[in-house]
Amino acid sequence: LAAADGNEAVAAAVRRREDADIQLRALLTERDALLATGRPAGELDQRIAAQRAAREEAEAEALAAAPGFRQLRDEAVSAEAALAVLGQGEAMVQFLLGPRHSYALALRPGRPAALARLSLTMAEAGRLVAATRAAVDGEGPQDGRLPAFDTAAAAALHAALLGPLDAYLEGAGTLVVVPDGPLLALPFAMLLTGPADPANLSAAPWLIRRHAIVHAPSVQALVRLREASPASAAPRPYIGFGDFLPPAEAQLRASFPAATCGEDAAVARGLGRLPGTLGEVRVAASIMGAGATQVLGRDFTAAAVAGAGLGQYRIVHFATHGLLPGDLACLTEPAVMVSNPPGAADAAGSFVPASAIMGLRMDADLAILSACNTAGAGTVEGAAQAAEALSGLARAFFVAGARGLLATHWLASDAAAQFIVPVMLSAQSQGTPSAAALRAAQLALLTDQPGRPSLAHPFYWAPFALLGDGRRGGPTRTTQSAPIANGG
């Protein structure tokens, strides 16, 4: 409904579209049951045709007034349409998990589609995802140590999901993954293509060693992104927002009353300032050079984001908390945290929700949200729900005009973020596609270096995931200088 941009006529059309869709699904279910008895479905087919027409009429009305609505819908696309947007050296795999078995559908230019029936069930996938994430979902190193990573679970997931397609995927430079259910909570880069020694993770056969990886909310979303303009025409290289100031205790109490949202206030108090984001944004801006802009500290407000002219920038970087429903029970949609205006009566100004993000006008190759967290409630169900909300947040950025979103599946360490983001941006500014640039940065971080503590544990390098697409190659432009805003 946010795509309607306040237009009640469009909102009504969207509601009619949803109602018609529900009724159509009920009719199709009724038809399946009828045909199973061997009886004809002539009269029912007429009702189905009329319902389809009603749905298409409502959708056409909504799309005419709010083109971004298409990015929020998952209508069917053909295999031919999906293949048309894949480049040479790319492969796409979509997973569909079920209670007794699952499926993987793979596409690759110049080859027939491949379909694999998987013995993996949704319940088993959830168990393996939980085991794979167990060592990264905590609070980071304790006494300088991280929990041992479950290499067996990561290898078992790869064997079950991609093992049947190994020959088909061999040699693909980029793997586009369309996950399902609990797989939404998993950065596929951390899967293992074979056995590994937990004590020597820098030598482990991570999937990222085989492919650059793109995560897509749906096949349809990727097709629509790639059917749009292939690269930003924005004149400036970068704008970064960071080092937000958290709301005061009194403001939190006003926004989260104890009787209904008291637990949220306690959780929100824990979402403190992220001092490492100051260096992250400054280093990234330095790498992007002339024309880069920084908005930091008390200047990083919702009003500053709305008024920044984001359509001028090819990279839009939010180094702040990304909140998802489940993080705060009274939060009804995904949001990013910003500095609350001084003297505000409550904490409402601390959150820029997905509906407001949709209203931003971007022309960005990449949006970056480098302090998101899809750990959910500590269970695989919570993580999957939070990851699904992250997909919704990604779609909001796509509607706003970003081609890709770099987000994190758990709160990355300052050292990792201050390495991954600048190294990726440096490669991307030279024309490297976003997925390949992220892969290069991750491989550099997980490779042990003399004199540096090992960062090969996936806690450090694996939370970063590219959703959507991002820059797909091509030269960059020189830029004019822009003012630098350094808030307190």
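**View 1. Asp150 caps the N-terminal end of helix α6.** Here a side-chain oxygen of Asp150 lies 3.3 Å from the backbone nitrogen of Ala152. This is a predicted model, in which local features need pLDDT of at least 70 and side-chain atom pairs count only at pLDDT 80 or more, while totals for chains, interfaces and linings use all residues. Residues are numbered from 1 along each chain as its sequence is written, and side-chain values use heavy atoms, with hydrogens and water left out.

**View 2. Helix α6 is mostly covered.** Eight of the eleven residues of α6 are buried, where buried means under 20% relative accessible area with a 1.4 Å probe, counting protein chains only. Among them are Thr151, Leu157, His158 and Leu161. Which elements do the buried residues of α6 pack against? They pack against β1 (90-96), β2 (102-107), β3 (114-118), α5 (122-133) and α7 (166-169). Helices (H or I, at least four residues) and strands (E, at least two) are DSSP runs, numbered from the N terminus.

**View 3. β1, β2 and β3 are joined by antiparallel pairing.** β1 and β2 pair over five bridges, and β2 and β3 also pair over five bridges; two strands pair if DSSP finds at least two bridges between them. Look for Phe95, whose bridge partner in β2 is Ala104, and for Leu105, which stands opposite Leu115 in β3. The hairpin of β1 and β2 has five residues between the strands. In the hairpin of β2 and β3, six residues lie between the strands, and Gly110 takes a positive phi near 80 degrees.

**View 4. Asp243 has a positive phi, near 55 degrees, in a residue other than glycine.** Most residues other than glycine have a negative phi. Where does Asp243 sit? Its place is in the loop between β6 (236-242) and α9 (249-255). Asp243 is buried, with a relative accessible area of 5%.

View 5. pLDDT is the predictor's confidence in each residue, from 0 to 100. The mean pLDDT of the protein is 85, and 88% of its residues reach 70 or more. Over residues 474-488, pLDDT stays under 50. Where pLDDT is low, the predicted coordinates should not be read in detail.

Conventions:
Buried means under 20% relative accessible area, exposed over 50%, partly exposed in between (1.4 Å probe, protein chains only). Contact means heavy atoms within 4.5 Å. A polar contact is a pair of N or O atoms within 3.5 Å; within protein, one must be able to donate a hydrogen and the other to accept it, and residues adjacent in sequence count only if both atoms are side-chain atoms.
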